[in-house]
Each structure stands twice: as C-alpha cells, then as structure tokens.
Amino acid sequence: MISLAGRDILHGWGKFVLTGVGLGLLIGVTLSMAGVYRGMIDDAQALLDNSGADLWVVQKDTLGPYAEPSSLNQDTERPIRAMAGVDRAAGVTYLTMQIAHEGKDVRVMVVGAEVAEPGEPGQPPHLIAGRRIVQGHYEAVGDVKTGFAIDDEVTVRRNTYRIVGLTSRMVSSGGDPMLFLSLKDAQEAQFEKDADAIVRQRARNASSPLLNPPGNPAVAEAVNAAQASSTNVNAVLVTVVPGADAEEVAATIRRWQRVTVYTRAQMEEILIEKMIANSARQIGMFLVILAIVSAAIVAFIIYTMTIGKIREIAVLKLIGTCNRTIAGMILQQALGLGLIGFAVGKIAATFWAPFFPKYVLLLPADSLRGFFAVMAICALASLLAIHAALKVDPAEAIGG
Amino acid sequence: MAEGIRIDNLVKTYGQGDTAVHALRGVNMSVAKGEVVGLIGPSGSGKSTLLKCLGAVIEPTSGRMTIGDRVIYDDGWKVGDLRALRRDLIGFIFQAPYLIPFLDVTDNVALLPMLAGKPNAVARKEARDLLEALDVAHRAAAMPSQLSGGEQQRVAIARALVNRPPVILADEPTAPLDGVRALAVVDMLNTMARQFDTAIIIVTHDEKIIPTFRRLYNIRDGVTIEELQLEASPARRT
Ligand SMILES: Nc1ncnc2c1ncn2[C@@H]1O[C@H](COP(=O)(O)OP(=O)(O)O)[C@@H](O)[C@H]1O
Ligand SMILES: [Mg+2]
C-alpha cells in the first residue's frame, strides 16, 4: 500500500511547506517563551552558584538580599566567622542601578565584596579576562554582558572606576550583568548622600547643642564623619567547612545572632518560587494561547485541505477504501505539518535566541516536550477534518 | 450466457409517510457476463437511484439482488460488508473521471488492488497491463491533470476493470466527450466486457451512443421496460 498522505503532500507541497513554516515560526515563539523561563531560572541559579555561598545571613525577618532590601552591620560577620562549622564569611552589598558608559545608560547590579584572596564568597569564581580587584579603590570587574572592555572608565555615582577584569554569566536574578567593586567603594555608592543632603545634615548637627557642644568642635567633626560613611552590608555570605551540615550551621547562627539565615535550598525557593513565579504564570498563559492558536491553524489548514478533497474522498470510499485508511491519511498530514512546524520552530528558536536581551535557555527536554505537545495538538486538530471526511457519503460520487 | 447481475422486484422508497418518494417501484433487470446494456430514462425517473442500489452504495427498501451466485440483498437482508463488496465485485465509471489528483496514472489504477491487499509491485504490474490494453500505457507516469479528457476517461475505465469485477456500472461515462470520443469509449467498454467477461451497465442520456446498445432498459416512474434494438452495432469502429 502506498502512503496517500505522503502523495497528497508531495502533490501540493508548496502550500503545505508554507503553512508548515508559518506554524513553525509560531512554534519557535513558543519554544523561545519556554527558553525565557528557563533562562530566568538559570540566571537565578547562576546568581546563587556564583556567589559561592552556602548560607545567606540577612536582616532579621526579611527575604533579602535579592528579593527584599536587607541591611546588616558589617561587623555582624566577625562573630559568625568564629562559629563552629563556619569556614568563611564575607559581607556583600547588592545594588541595581543605571550607570553611564560611552553616552549610554547600562543597567547593572553593583556588587561590593571585600578585596580578598580568591575563592572568598561574593567574589566572581573566575575571570575570562584581566585580573581581580587588588586596590581598595577605583577598580572594577564587569560582566561581558555590560559591554565594558578592560581599561574602560565607568562612572558610578560621583566616582570613576577602571575596568580591570571581565567575568561571564555573572547576572542578577533579573538578568542584569554584575559590576564588582571593592566593598568600600560599593558602600559609598550605595549609602552615599548627595552634597546638598550632607550640607543640610551638617547644619543640623552644628545647631544641636548635643552634637556640637560649645568649645569642643572635634565632637561635631566626628559626628559628621560617622554620618558621611556607612559600614552596612546587605548580606553576609557564609561558607561552611567541608563535611559540616549547612542546616545545622544555620541553626547555630540563628541562635546567637538577631538575623535571618537562608540555606541554598531556601534561597532557591525565594528566588524561583517567589520572584519568578509570576513571570512563570505569565509565560504559562502565553504558552496556552500559542498552543490554542497553533491548534486552530492546523485544524483550519487540515480541514480546508480535506474539504478540497471531498469528491476524491467520496470516490475513495465508493471504490472500497475503509474509513481507517481515510482517517489515517488526514492524521498523517496533520502530523506531517506538525513535523515541519517543529523543525522550523526549533531552528528559528535556536537562531534568534542570542538576539534576545535576556538569557534564553533552550533545554533539549523542553524541545522534546514541545515536540510531543505539537504532535498531540496536530492530532487533535485533525479530528475536525476526520469527522468531516467520515461523514462524506460514497453516493456523492455518483451524483443525483 | 452466465448471469452477471440480476435484480428482482427492487423497491426503493426515500423517506416515510406523506413525504415518501417512491423512486423505484419494482425493478427487474438481468445482465449477462460479457454483455453491455444501456439504462435510459427521463430526468427524475430513478436512474441514479437504481445505479446506487446496483452499486451497493444505498440499500433498497425491498427486493433481491445477486451478483453471480452471491446474494447481495434479499428482502431486507444484506451482506455484511458492502464496502469490501464494492471493492471486489463492482467497478465504477463516473460522469467525470474523478481520478485521484495526487496519484500518478499507474497508482490511480493500482490503488484498488493495493486496497485489496496486493503487494505494490503486483498491483502496479496489473495496472500497467490494463493501461496497455486501453492504449494509455505511454502516460503511465503522468499525473491526471496532464492528461486529455479522453485519456482520463480511459484511465478511469482501467481503474474500474483492475480488480476484474463481474459488474461495471458507468454513470453517463460519455457526457464530457464529443461524438467520436464517446463512441470510442463505448466501443472500448464493449471490448472490455467481452475480454474480461464483465457485465456492464451504462446509464446515459447520450443520443449518439443509445443506438449502439443491443439491449436497453428504459426506466419510467420507477419501473423498467426492456427494449431490444436488433439493428444495434455495439462493436462499430469509428
Ligand atoms: N436522497 C433522496 N431523498 C429523497 N428523494 C430522492 C433522493 N434521491 C433521489 N430522490 C428522488 O427520487 C426520484 C428519482 O431520482 P433519481 O434516481 O436521481 O432519478 P434520475 O437519476 O433518473 O434523474 C426523484 O423524484 C428524486 O427527487
Ligand atoms: Mg440522475
């Protein structure tokens, strides 16, 4: 037996392929949407992986430092470092901001981490070019996605920094590339008040008899100095000694400090289930709509193709073709359309993924799921046409 | 001559009660193997209805029909699988050739033996042999849309013959053809009827071909009248 579906497709392949390509672009969009979602999860995981931390110590009762603001005194880290099971602890600051570079604004997440030996939590795990920050001031390491190059000068608030190193895949959970500064520089950028505010604060201090006792100008100066700088961090990143149970260490820190401590698993939950959840639902909605639109297109095309063959189907039935063969022909055509569509969609999604501003991660498992979804949708969409074909009366071939 | 197809007192009523249409009121007909008969009658007389009953496409209300020794209908009783019966025992030729546009000429003809379960190579061999007999072998690889009307009709005849059915039903097969070609088709059907020992019934309006039938059934108001034309020339060459 020959494949009636295959012959029919070959006979009118132009229309068929064109429809398949149209469907394919739609499938490509669908795969890209799934890729955007996977990219968001991957960004979040990269953020956690690259922070190098086992535990996140944040301001009490906050979901900091990524999902909510959190502020801790930098000195919190010292007692933590001494606790059993703690290997290293380092204060870090995170601040998402726009910075000017070559006339354009670049959105980055400024990360402040102590200038320390490599491997310290908060430091980028590896550089793809240049070197680490070695001076306490005016040096920065940027992610390649910022578009910065080694020796570029970038301005953060009032100071100018020189890019000394480049990283890759160092992004915030929102996909913004990171810019690493020394902790001091970052604190200055984050907590710095503008000149006007400093002047007013100083005037206020000067008029207060408590902060500016008569005959002792050194007190006011000390107060001014204390107010102008900050020693706060957003979180203390902690690594545990090999073999120690992160959960137990977290419990110890919670017992002795008025802070909230998250393990890696809890942090992942905050980022993925709390921050990304809405986006995921949004993307889910798109997927449902795209699936319905695809189904409608396939149903319409297959139905039109079938209606165009009503006479031939009546003849086929009259000369003894069984319903199963006719239904099989229509089903195979729908699946063929799905196959072309999926191939085109997969190629299109792979082709345009790099042009998306955010990371698009196309997982083979998602493609496989997509493939089965497309096939199921096509099979479902062919039911209408199959129904119409089975209703055809073989007597129609003879006429009145 | 051996009997090809026979109907006795066939009745077909569409609908029921007040709106019932008595399309066939007791038709008797018998066509021998190797014989070609004409079926004529004015519009609305029941020709198409009779053809559909003969072709096992619709079921008669009552009456009896046999093909060879096989009983197809007998007063309400019918064979189980009319579809397989059509495939194996009846060849159809339509007003228009109704070839499958996406199959080439060979496969249009070979489709029936393939549907009956024959291997593709065997089915195509049978198809090619018939195309040879019908003088269209040179178009075996063409698509139907590339053929002339006459060539298409010959391919349609090959398709009707390929499973060697004992009965062929032709519904105005010469309608789209001019006089010369119409007579050529009838001539060909006569040759095939003798060659393959097939009973052929041709429904027609066509004044040009009516004189060629030795035996005619004239149907009026659902009843057939048998007519003999002794001066007919079925094998007339054109
Ligand atoms: N499906 C049907 N339902 C009801 N009446 C029908 C149907 N088909 C045909 N008829 C009626 O049966 C009679 C015979 O029709 P038909 O067999 O088509 O005659 P012919 O082919 O000779 O013109 C007509 O009166 C027609 O209106
Ligand atoms: Mg009619």
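Predicted model: local features only at pLDDT ≥ 70, side-chain atom pairs only at ≥ 80, totals over all residues.
How much area do chain A and chain B bury between them? About 2,400 Å², with 69% of it on carbon and sulfur atoms; buried area here is the accessible area (1.4 Å probe) that two parts lose on being put together, summed over both. Residues are numbered from 1 along each chain as its sequence is written, chains are lettered from A and ligands numbered from 1 in the order in which they are written, and side-chain values use heavy atoms, with hydrogens and water left out.

**View 1. Chain A meets chain B.** The contact (heavy atoms within 4.5 Å) draws on 24 residues of chain A and 26 residues of chain B. Look for A:Met1, A:Ile319 and A:Ile398: together they supply 27% of the area that chain A buries against chain B, more than any other three residues.

View 2. One salt bridge is counted between chain A and chain B; the term stands for a side-chain nitrogen of Lys or Arg within 4 Å of a carboxyl oxygen of Asp or Glu. Its partners are the side chains of A:Arg7 and B:Asp107, at 2.8 Å from N to O.

**View 3. Around ligand 1.** Residues from chains A and B surround ligand 1, so the site is shared between chains. Twelve residues are around the ligand (a heavy atom within 4 Å), and B:Gly44, B:Gly46, B:Lys47, B:Ser48 and B:Thr49 come nearest. H1(B) gives the largest share of this shell, three residues; helices (H or I, at least four residues) and strands (E, at least two) are DSSP runs, numbered from the N terminus.

**View 4. Polar atoms facing ligand 1.** A polar side-chain atom of B:Ser48 sits 2.8 Å from an oxygen atom of ligand 1. For B:Lys47, a backbone N or O atom is 2.9 Å from an oxygen atom of the ligand. B:Tyr14 has a side-chain N or O atom 3.4 Å from a nitrogen atom of ligand 1.

How values were computed:
Polar contact = N/O pair within 3.5 Å; in protein donor to acceptor, adjacent residues only side chain to side chain.
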